[in-house]
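Visitor: Please show me how to read a structure one feature at a time, with the general idea before each case.

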Amino acid sequence: MVDRQFWHNRIETAWERRSIVWLSGVRRVGKTCLCQTLPDIEYFDCELPRVRRLMEDPQTFLDSVGNGRIVLDEVHRLPNPSELLKIAADHYPQIQVVATGSSTLGASAKRRSLQAHIASRDTLVGRKTELWLTPLIKADLNDFNRVDIHHRLLHGGLPPFFLETELPEPDFQEWTDAYWAKDIQELFRLERRYSFQKFTELLMAQSGGVFEASSFARPCEVSRGTISNYLSVLEATFVVHVIRPFSSRRATEIVAAPKVYGFDTGFVCYYRGWSQLRQEDLGLLWEHFVLNEIMAQTQSREIHYWRNKRGLEVDFVLTRTRNAPIAIECKWAAAGFSPRALLAFRRQYPDGVNYVVTQDADRTFKSDYNGIEVKFVDLETLIAEICALER
């Protein structure tokens, strides 16, 4: 198994804050393998009936652990995972726990009543640190000893798919079927498999585009309200990311329509029918890769985009700091950058740092466009600078 140092360090840092780490992420993103490579760990697979029986009495189970580190894999398979984690946090702080699930703890509670769902969330407030394991980031490529970005974009960032030499096309559909059976059916009890999977397929095929619910209702044979519900489920389980517009509600701006990104470039390629990448495909996939990197490094989905009614658009806008909005444009090659959209954005919001993150930036350099300074950076530099701005 691959030793993923970036994520190991994140877990160790999380344990310094609290004894319970909730590790979430989509299925096959590598949660189990990551946990099994942690040093001095005792592993429990909660999908196994004998393991669930072992944990029927949380106090007896935790007494048997004593001190040390444990992994509770697929912990949402337990009847009441929050109870076990609360007892561990309150009465066994010497035990360091990683609990994993395919979705957020809040999402896994949706199969219960609303009252139980709220109680479950409240029970662990202040007792856990959440860590979201995303598809492979730049640091992971070094750990896997395969740094070809073209391979990562086409195969995607789920480790089993990424490690295949040939494109594993049947595995993408197998993953989708398992996602429906184990995540959607067990956690959300949705009906109409065809409609949900058709919606997922259409979203992936137009990933990165502006979302309009009504355009999906007819091909999916459901109502607009059902489409909105499907989108919420996909977002809660990390299969799509809903990027909402940044605006001050000016008449010239898009203020409501979000953009929706698929969680992984491999699935975007699969549903677009791409088995080989052309030059014109790389810009869109690079944008997805940059988004994945920002989310992994910041552990936040609080990312926006900006667009005006003339169609000028800034890929990503970060607003989490006290500083002015950070504008980020993603370009496969620096030569492909046009300043028109960025200039339009800065006419409305003149303060803030402007980045163009490119795959071919060997070094950082700055350019001036009508008095607006733009920094051209590689992905590592972008991450380092935006994280520094947020401190």
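Visitor: Which residues does I328 touch, not counting residues up to four places away in sequence?

Guide: A contact means heavy atoms within 4.5 Å. Leaving out residues up to four places away in sequence, I328 touches I294, V314, D315, F316 and L318, and also Y355, V357 and L382. Please keep in mind that this is a predicted model, in which local features need pLDDT of at least 70 and side-chain atom pairs count only at pLDDT 80 or more, whereas totals for chains, interfaces and linings use all residues. Residues are numbered from 1 along each chain as its sequence is written, and side-chain values use heavy atoms, with hydrogens and water left out.

Visitor: Which residues of the largest nonpolar core touch the most other members?

Guide: In soluble globular proteins, nonpolar side chains tend to be buried together. A nonpolar core is a set of buried Ala, Val, Leu, Ile, Met, Phe, Trp, Tyr and Cys residues joined through side-chain atoms within 4.5 Å, where buried means under 20% relative accessible area, exposed over 50%, and partly exposed in between (1.4 Å probe, protein chains only). Here the largest core has 84 residues, and F199, I227, I328 and L382 touch the most other members. The largest share of this core, 9 residues, comes from α16, and a second, separate core of 22 residues includes W22, V51, L62 and A99.

Visitor: Where does A88 lie, and which residues does A88 touch beyond those up to four places away in sequence?

Guide: Helices (H or I, at least four residues) and strands (E, at least two) are DSSP runs, numbered from the N terminus. A88 belongs to helix α5, residues 81–91, and is buried, with a relative accessible area of 2%. Apart from residues up to four places away in sequence, A88 touches I20, L62, P93 and V97. By contrast, the C-alpha atoms of A88 and D143, which are 55 residues apart along the chain, are separated by 33 Å.

Visitor: Which residues in helix α17 are buried, and what covers the buried residues of α17?

Guide: In α17, residues 340–348, the buried residues are A341, L342, L343, A344, F345 and R346. Their cover includes β9, β10 (313–318), β11 (326–331), β12 (354–358), β13 (365–369) and β14 (372–377). S338 lies in the loop between β11 and α17, and this serine counts as partly exposed at 38% relative accessibility.

Visitor: Which place does R28 have, and which place does Q299 have?

Guide: R28 is in the loop between β1 (20–24) and α2 (31–36), and has a positive phi of about 70° although it is not a glycine. Q299 sits in the loop between α16 (282–298) and β9 (304–307); although Q299 is not a glycine, its phi is positive, at about 55°. R28 is partly exposed, with a relative accessible area of 38%, and Q299 is partly exposed at 25%.

Visitor: How many helices and strands does the protein have, and why is it called as compact as a globular protein of that length?

Guide: The secondary structure comes to 18 helices and 14 strands. The radius of gyration, taken over C-alpha atoms and compared with a globule rule of 2.2 Å times the number of residues to the power 0.38, is 22 Å, close to the 21 Å that the rule gives for 391 residues, so the protein is as compact as a globular protein of that length. The C-alpha trace spans about 70 × 45 × 45 Å along its principal axes, and buried residues make up 53% of the 391 residues. Among contacts with a separation of 6 or more, 68% involve residues 24 or more positions apart.
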